[in-house]
Amino acid sequence: MGSTFSGLEVGKRGLSTHQQALHTLGHNISNADNKAYARQRVQMTTADPLYDPALNRAKVAGQIGQGSVASYIERIRDGFIDEKISITITEKNYWSAKEEYLREVEIILAEPQGQTLRNKLDELWSAFEELANFPDESAHRSVVKEKAIGLTSRIEDTFKKLNFLKEQANREVEIKTRELNQLAESIRLLNEKITKLEALGDNPNDLYDKRDKLVEDLSALVDVSIGKSDQDEFMVFIGQQILVQGYKKNEIQLIGNADYEGKLDLFWANTKERVILKSGRIQGLIEVRDFILTEKIQHLDSLAINLVDTINSIHRDGFGLNGKTNVDFFDVRTLSSNAFGEYDLNGDGINDTTAIFRVSGKHSLDKDKPLGISGIITLYKNDEKLTPVLIPYSIDDTLGDVIRRINNAQAGVVASLNHDNQLTLKATISEAHPRKNFMIQHLEDSGNLLVGMAGILTSSGQAGAFDARKVGELNKFQAYPEDIQFTPFYHPASHIKLSQEIQNNVNSIAASRGKDIGGVQDYNKPHGHKDGSNALLIATALREKPSMVEYQETFGGFYAYTIAKLGTEAREAKQEAEVRKTLLTEFENLRQSVMGVSLDEEMAQMVQFQQAYNANARVINMQNELLDTIINRLGVR
Amino acid sequence: MRITNQMTNNSLVRNLGRQQEDLDELHSQIGTGFKFRKPSDEPANVTNGIFFKNRLHELNQFEKNLADGKSRLQQIDGVLETVTDILQRVRVLTVQAANGIYQGDKGFELEVAIGREIDEHLKALTDLANSRDATGKYIFGGHTIDRKPFEIIETRQKGLKGLFVKDQIVGVEYRGDIGEQIREIDKGEYLGVTIPGNKVFWGTNMSVTSAKDSYEYTATSEQKIRIDGVEISISAGDKLDDIIDKINTAPIEVKATKLGNNNISLTTTSPHQIWLEDIEGGTVLRDLGLIETNASEPPGNYSRTATVSGLSIFDVLIQLRNDLTAKDQERIGGKDLGDIDQALENILRYRSVVGAKVNRLESHEHRIAFDKTFMTELLANNEGVDLAEAIMNLKWAESVHTYALNVGARIIRPTLLDFLR
C-alpha cells in the first residue's frame with residue numbers, strides 16, 4: 001500500500017504546474033504585440049515516479065506516477081531565421097543610407113523640373129549671344145553681368161549645400177558609432193547576467209530576447225555575426241574582428257583624418273587598427289561621405305574652374321567698350337601664392353610642387369593638317385602611382401587624331417584647340433587625393449609637337465619635360481605667362497566670383513576682338529564698337545566648341561553626364577533598398593510564424609489549462625474526501 | 001503556415017502602405033503633369049530631357065538672332081533701293097548732258113541745273129550712306145559706330161556759276177572699318193548681316209600700284225599681311241613671285257600682278273576699297289612700297305609713291321559735277337557714264353547678295369520653327385504624363401484601396417475571445 005497523502009501531492013503538483021502554465025500564457029498574451037518577444041511554453045514532464053530500483057522499495061505495483069512538473073520554460077525561436085534577418089537588416093540599412101543622401105542631392109540639384117544650374121548656364125549663354133548682337137549697348141552688358149552673378153551664386157550655393165550634406169553624413173557617423181559602442185556595452189552586461197543565470201540552471205528567456213534585439217539593432221549599424229562555438233561565451237564579431245566576447249568588449253573610437261578635411265574613421269581603441277566594415281548603415285554613410293558626395297563636389301569644382309578658365313582666356317584677348325583688354329571676367333584665387341606657381345603640398349613649410357591647371361601654346365594650328373613629324377608624348381596619370389601614359393604620334397596623324405588619342409587615354413590631361421586654335425592642355429580631377437585636383441603632373445615630348453609646333457614646351461625629351469613634383473618648372477614652358485593658368489585654390493566652386501573690374505564697370509566686358517599693332521604678340525588695338533565677335537567666341541565655347549570639361553567635350557555634355565550618374569546611382573540605391581525591405585518583411589513574417597503569439601492559440605490553450613486546473617482542484621477535493629473518510633469515519637464510534 | 005495576429009496586422013498595414021504610395025505617385029503625376037520628378041525616377045529620360053531642353057533654349061535664341069539679322073538686311077536693302085533710284089536719275093542726267101540736247105546759252109543747263117541737281121544727289125547719297133539702325137547706330141561703318149562712316153570734305157572754291165559761293169564738296173572719306181556684324185543662326189552657323197560702306201558705296205575697281213622695283217626683294221622672316229581682313233602668311237625666303245602667288249590664291253577679291261618694273265600692283269576683281277595691313281610686326285607691304293612706312297590705319301595708309309586709282313560712288317558723282325562745270329561733254333558721255341554704270345552694277349550686285357541672305361534666313365526661320373515644334377513634342381512625350389491614362393490608373397488604385405480596407409477590417413477583428421463564454 002502506498003502513502004496516505006501521496007494523492008494530495010499529485011493534485012498539488014498538477015495545480016502548481018498548470019498555474020505556471022497559465023502564468024506563462026499570461027506572459028505570452030501580455031507580450032502579444034512585442035515584436036522582439038519569442039513565445040514561451042511551459043514544458044510539463046512527469047515527476048520522478050516511485051519507486052527507483054532499490055532494496056527498500058515497497059512491495060506495490062510500480063512505478064506509480066507522481067504527477068507533473070514544469071521542467072523548463074521553452075522559448076520557441078529559430079536562430080537561423082534570426083541570422084537571415086540580421087543580414088538583410090544590415091544590407092537594407094546600407095542601401096537606405098545611400099538612398100536617403102542621394103535623394104537629398106537630387107533635391108539640391110533640382111533636375112529636371114526645378115530652377116537648375118543648367119538654366120543658369122543657358123541664360124548666361126543667351127546673355128552673351130545678345131551681347132554679340134548689341135555689343136555697344138550698356139543694357140545688354142548689365143544683363144551679362146547679372147546672369148553671370150546668378151550663375152556664380154548658384155554654384156557657390158550648391159557647393160555649400162553639398163558640403164553641408166557631407167558634414168551631416170560625418171556627424172551621423174559619429175552618432176551611430178557612439179550608438180554602436182553603447183549597444184556593445186549593453187550586450188556585454190546582458191552576457192554577464194545570462195551566464196550567471198545559466199550557471200544556476202535557469203532559462204533566462206526574456207534576457208535572450210533582449211540580447212537578440214540588441215544584436216538586431218547592432219546589425220542595422222554594422223555587419224555583425226554571432227559566434228556559436230562556445231556555449232558559455234557569447235561572441236559578437238564585426239567581420240573577423242571581435243566586438244564583444246562574453247564579459248569583455250572592445251571599444252571603437254573615432255579619429256579625425258586631417259588629410260581629408262577632418263573626416264572621422266573608425267578604429268579599435270586597443271589595437272589602433274582600422275575597423276573593417278563591409279555593410280550596414282555606418283559603412284553606407286562612410287561611402288556616401290567619402291565617395292559619393294566627394295565626387296559630386298569635385299564635379300561641381302571642375303565645372304567651376306573650367307567655366308572660369310575658358311571664359312577668362314577668351315575674355316582676356318578681347319576688348320571692352322572702354323578699350324580695356326587683358327581683363328579677367330572671373331576672379332581666380334590660386335593655390336600658389338607666388339608668381340612661379342609653386343606650392344607646399346605636403347605642408348612641411350618648403351615649396352615642393354609647381355601647380356599648373358592649364359597651358360596654351362603660342363602657335364595657331366590646323367586640326368586637319370598631317371603633322372609631318374613623329375614622336376611620343378608622355379603623360380602621368382594623376383593617380384597614386386603616377387602611372388606613365390605614352391601617346392605616340394606619327395607623320396600621317398593629324399592634330400585632331402592626337403587630341404582624340406590624348407582624351408581617350410584618360411590620362412589626367414585633356415587636350416583641345418582654343419579660340420585662337422592654339423593647343424590647350426588642361427588637368428582633371430585627381431584619382432589619388434582631392435588636394436591634387438586640377439594639377440598637370442607631367443608633360444614630356446620626345447618629338448617636336450609640343451615644342452616647336454604647338455609652342456608649349458621649350459625643349460623635347462626628358463630634360464625638357466615639365467614635372468609638377470619639382471619647383472621652378474615654370475621655365476620649361478615657352479608659352480606666354482598669360483596663357484598659363486595656375487591651379488585654383490581648393491574647391492573652386494566655393495569661391496567663384498565675377499572680377500571686381502567687371503562688377504564695377506560693365507563696359508569692361510570684352511565683346512570685341514582686336515588686332516596686333518606693332519607686332520607685340522598681343523592684341524592691343526580694338527575693333528570698332530559694333531564688333532561682338534569675342535562675345536560670340538565665349539558663347540560658342542560655352543556650347544558646342546569642344547572645350548573639354550573632364551573627359552566630356554562640352555559643358556552641356558559634362559552636366560548631362562553628372563546628372564545621369566546621379567540618377568542611376570540613386571535609382572540603384574532605391575531599388576536595392578526596396579528589395580531588402582520586401583525580403584525583410586518576408587523573413588519577419590516567417591519568424592513571427594514561428595515565435596509570434598497567436599491570441600487564438602493562447603485562448604484555446606487557456607481554456608485547456610483552466611479546465612485542467614479545475615480538474616486538478618477536483619482531484620485534491622477528492623483526496624480530501626478520501627482522507628476525511630479515513631480520519632473521521634474509519635473506526636470512529 | 002502558422003499565422004499570428006501580428007502577421008495579419010503587418011500584412012494589412014504593409015499592403016495599405018503600398019497602395020498609399022501608388023496613390024501618392026499618381027496624385028503627383030496628375031498634379032504636376034510630369035511623369036517623373038527626380039533623376040532617379042527615370043535616369044535615361046531625364047538625360048534626354050536635358051538635351052531636348054538645351055536645344056529648345058538654343059532654338060529660341062537663334063530665332064531672336066535671326067529676326068534681328070533679317071531686319072538689318074532688309075533695312076540695308078531699302079537703303080540700296082533708294083541709292084539705285086538716285087543713280088538711275090543721275091545716269092539719265094548724264095546721258096542727256098552727254099547728248100548735248102541742252103545747248104543753251106553757254107551751257108547754262110549743264111552747269112547750273114544739272115550740276116546743282118548732281119550736288120543735291122551727292123548730299124542725299126552721303127546721308128543714305130550714314131543711315132542709322134533702330135538703336136541709332138550707323139549701319140555702314142563696319143564695326144565703327146562712334147563717328148560717321150562717311151565724312152564730307154568741303155573746301156572753299158569757285159562755286160558753280162550762278163550758285164551761291166560756298167564750300168564745295170570735294171571728297172567723301174570713309175571713316176569706318178571693314179568689320180561685318182555676324183549673327184549665330186544655328187549651332188556653329190554664322191551669317192554676316194551688314195556690309196561695310198567701302199564695299200557697297202564703291203564705284204569702280206580700285207588698284208594700288210607700287211613704284212618700287214622689288215626684283216631683289218626677299219622676305220627675311222615669317223611674317224603676316226592682311227588684305228581685306230584676310231591673313232596671308234609670308235614665309236622666310238619668299239620672293240616677289242611667291243608673294244604674288246600667295247595673294248592670288250587667297251580667298252580675296254584682289255588680284256596681284258607684276259608689272260614691267262618688277263613692281264607689284266594690286267587690283268580689285270569687284271569694286272571695293274582695298275584694305276592693306278602689315279600685322280604682328282611684319283613689314284612686307286611696306287617693303288614692297290604699297291603702304292607708307294610710318295603709316296596710320298587703313299584706308300589712309302597707301303604709300304605716297306604708289307599709284308592709287310579707283311573711285312567711290314561719291315567720287316564718281318564729284319567727278320561728274322566737275323566735268324559738267326568744265327563742260328567736258330566727251331568725258332561726260334564716256335568715262336563718267338561708264339563709271340556710273342559700274343557703280344550701278346555694284347549696287348545691284350550687293351542687292352542680290354542681300355536678297356540671297358534674306359532668302360536663306362527665311363528658309364532657316366521655317367526650319368527653326370519646325371525644329372521647335374518637334375523638340376517640344378519630343379519633350380512632352382518624354383516627360384509629360386498621359387492624363388487619360390493616369391486618371392484611369394488613379395481610379396483603379398482608389399478602388400483597390402477601398403477593397404483592401406474593407407477586407408482588412410473584416411479580418412483583423414474577430415478572435416476566439418469573441419466566442420468564448
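How many salt bridges does the structure hold over all chains? The count is 95, and keep in mind that this is a predicted model.

**Where chain A meets chain B**

- On the contact count, 65 residues of chain A touch 59 residues of chain B.
- Put together, the two chains bury about 5300 Å² between them, and 52% of that sits on carbon and sulfur atoms.
- In chain A, the residues that lose the most area to chain B are Gln113(A), Asn133(A) and Lys530(A), which together make up 12% of what that side buries.
- Six salt bridges turn up across this interface.
- Glu601(A) forms a salt bridge with Arg2(B), and the closest N and O atoms of that pair are 2.8 Å apart.
- Polar contacts between chain A and chain B come to 27 residue pairs, with both residues at pLDDT 80 or more.
- The chain A elements that give two or more residues to this side are α2 (79-109), α3 (117-133), α10 (533-543), α11 (555-595) and α12 (599-633).
- Helix α11(A) supplies the largest share of the chain A side, with 18 residues.
- Sorted by class, the chain A side that touches chain B has 20 nonpolar, 20 polar and 25 charged residues.

**Salt bridges worth a look**

- Glu295(A) pairs with Lys565(A) in a salt bridge, with the closest N and O atoms 2.4 Å apart.
- Because Glu295(A) is in helix α6 and Lys565(A) is in helix α11, this pair ties together parts of chain A that are 270 residues apart in sequence.
- Lys565(A) has a relative accessible area of 25%, so this residue counts as partly exposed.
- One network, built from salt bridges that share partners, takes in residues of chain A and chain B: Glu111(A), Arg118(A), Asp122(A), Arg543(A), Arg55(B), Glu58(B), Asp186(B), Lys187(B), Arg367(B) and Asp371(B).
- Arg289(A) forms a salt bridge with Asp265(A), where the closest N and O atoms are 3.5 Å apart.
- That pair links distant parts of the chain, with Arg289(A) in helix α6 (residues 281-316) and Asp265(A) in strand β8 (residues 263-268), 24 residues apart.
- Within helix α4 (residues 138-199) of chain A, Glu179(A) and Lys176(A) lie three residues apart, about one turn of the helix.
- Those two also form a salt bridge, Glu179(A) to Lys176(A), with the closest N and O atoms 3.6 Å apart.
- Glu179(A) is partly exposed at 30% relative accessible area, whereas Lys176(A), at 17%, counts as buried because the cut-off for buried is under 20%.

- Leu221(A) belongs to helix α5 (residues 205-221) of chain A.
- With a relative accessible area of 4%, Leu221(A) is buried.
- Setting aside neighbours within four places in sequence, Leu221(A) is in contact with Lys176(A), Glu179(A), Leu180(A), Leu183(A), Ser279(A), Gly280(A), Arg281(A), Ile282(A) and Gln283(A).
- Leu221(A) and Leu277(A) are 56 residues apart in sequence, yet their C-alpha atoms are 9.9 Å apart in space.

**Strand pairing**

- Chain A has an open sheet of four strands in the order β14-β13-β17-β18, with antiparallel pairing.
- β14 (388-393) and β18 (466-467) of chain A stand at the edges with a single partner strand each, so one side of each has no neighbour in the sheet.
- Strand β17 (residues 442-445) of chain A runs antiparallel to β18(A), and two bridges join them.
- Leu443(A) has Phe466(A) in β18(A) as its bridge partner.
- Over in chain B, strand β3 (residues 182-186) is mostly covered, with four of its five residues buried.
- Four bridges join β3(B) to the antiparallel strand β4 (residues 189-192) of chain B.
- Arg183(B) has Leu191(B) in β4(B) as its bridge partner.
- The hairpin of β3(B) and β4(B) has two residues between the strands, and Gly188(B) takes a positive phi near 75 degrees there.

Technical notes:
Residues are numbered from 1 along each chain as its sequence is written. Chains are lettered from A and ligands numbered from 1 in the order in which they are written. This is a predicted model: local features need pLDDT of at least 70, side-chain atom pairs count only at pLDDT 80 or more; totals for chains, interfaces and linings use all residues. Side-chain values use heavy atoms; hydrogens and water are left out. Buried means under 20% relative accessible area, exposed over 50%, partly exposed in between (1.4 Å probe, protein chains only). Contact means heavy atoms within 4.5 Å. Buried area is the accessible area (1.4 Å probe) that two parts lose on being put together, summed over both. A salt bridge is a side-chain nitrogen of Lys or Arg within 4 Å of a carboxyl oxygen of Asp or Glu. A polar contact is a pair of N or O atoms within 3.5 Å; within protein, one must be able to donate a hydrogen and the other to accept it, and residues adjacent in sequence count only if both atoms are side-chain atoms. Ala, Val, Leu, Ile, Met, Phe, Trp, Tyr, Cys and Pro count as nonpolar, Asp, Glu, Lys and Arg as charged, and the others, Gly among them, as polar. Two strands pair if DSSP finds at least two bridges between them.
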